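Here is a brief report on one protein model. It starts with charge, then turns to salt bridges and overall build.

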Amino acid sequence: MNHLHPYRPSILPIQQDVERPLWSVMIPTYNCAEYLRYTLKSVLAQDPGPQKMQIVVIDNNSTEDDPKAVVEELGAGRVEFYQQLSNVGLMNNFQTCFELSRGKLIHLLCSDDCVREGFYEKMAQPFEEHPEVGAAFCRSILIDDRNQWKGLSDFEMPHSGILPKSWLHRIAELCCISVPSVAVVRREVYENLGGFDRRCGISADWEMWVRIFAHYPMWFEAEPLAMWRVHLQSANNVNVKSDVFIQENYNTVETILKSYIPETEANKLAQTTKQNCAFLALESADTLIKKGDIPKGMLQIKTALSYSKSPKVVKSASRIILWNRTISILKKMVKSGEYRKTL
């Protein structure tokens, strides 16, 4: 199944003479040493030993802190450390994680996220009991930079189990696997399907989950066993309203619809998914206009309307334009003193 693909890097199988643990916990990091402490502690608290678990921190050439020092302090020789010679970008750093992994199960755990007690024991069970399962993910807890709980992810089913085939439409419409940290994937699945699709940028994990589900059964664990963090420096927070991310999100939608959804069903699904992309662009437009960057804001509104011209999108775009024009006029009146004269 592992054919050469122009946008998906290959992941080669492990040589037969290499000793393989059950787990490869691969922790990509970049300028995140303080959060890395929590991440490593949460993993090491469940460490079954080197014969069963490989733990590696892969640093994307951090410039503001020293993740190696954290690994040496907490890992005490137990945790491997690899540093890129230069910043290779988020997806290429993920690719290095796959290439360095030796375990049968890969857990790609971002260095600002954590696992709760019992994660590895509980998440191994579906793979042991159901050899056909290619990946598993659990409900998750959203935390802030002070480790305070901010919310829980949704139930994909009322109980743990293999997701029905109809779930393809939900994951194709919305990336309900919040971050890679909540998921576990058989290494052979990556070997067969390849790495993250480079066309999709930071949304590549979304395309990957759809790709895996289109080829393998997937397990949903109803217990919230992982925690993912939102903070000012997180990749999601930094990129969520950027021009590049919005375009990558749209590219992901196009890739998913054309690759995994039957043509007879894709048109209806496209209306919803493209409308979601449009609303993302409108959020960006509203933020830009409020900051005073009206030209870029208007460009984002134009982008939103190119994705979808549904009544909801058009109404929201009109509201942003009218509201911000009203605010602009009022500011001019206050500045000129005309507003005071009307009072």
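## Charges and fold

The protein carries 40 positive and 40 negative charges, and their mean positions lie 10 Å apart. The model is a predicted one.

Salt bridges number 16.

| Acidic residue | Basic residue | N to O distance |
| Glu223 | Lys122 | 3.0 Å |
| Asp144 | Lys150 | 3.7 Å |
| Glu156 | Arg170 | 2.4 Å |

Take Glu223 and Lys122, which form a salt bridge. Glu223 sits in strand S10 (residues 218–229) and Lys122 in helix H4 (residues 119–129), so the bridge ties together parts 101 residues apart in sequence. Glu223 is partly exposed, at 33% relative accessibility. Lys122 is also partly exposed, at 31%.

Glu156 and Arg170 meet in a salt bridge. Glu156 belongs to the loop between strand S7 (149–152) and strand S8 (161–162), and Arg170 to helix H5 (residues 167–173), 14 residues apart. Glu156 is buried, with a relative accessible area of 13%. Arg170 is partly exposed at 30%.

Salt bridges also link Arg8, Asp197, Arg199, Glu207 and Arg211 in a network.

Now the overall build. The protein has 13 helices and 10 strands. The C-alpha trace spans about 80 × 50 × 40 Å along its principal axes. Of the 343 residues, 50% count as buried. The accessible surface is about 17,600 Å², and carbon and sulfur atoms hold 53% of it.

Definitions and conventions
Residues are numbered from 1 along each chain as its sequence is written. This is a predicted model: local features need pLDDT of at least 70, side-chain atom pairs count only at pLDDT 80 or more; totals for chains, interfaces and linings use all residues. Side-chain values use heavy atoms; hydrogens and water are left out. Helices (H or I, at least four residues) and strands (E, at least two) are DSSP runs, numbered from the N terminus. Buried means under 20% relative accessible area, exposed over 50%, partly exposed in between (1.4 Å probe, protein chains only). Accessible areas come from the Shrake-Rupley method with a 1.4 Å probe; for residues, only the protein chains shown count as cover. Lys and Arg count as positive and Asp and Glu as negative; His and the chain ends are not counted. The place of a charge is taken as NZ of Lys, CZ of Arg, CG of Asp or CD of Glu. A salt bridge is a side-chain nitrogen of Lys or Arg within 4 Å of a carboxyl oxygen of Asp or Glu.
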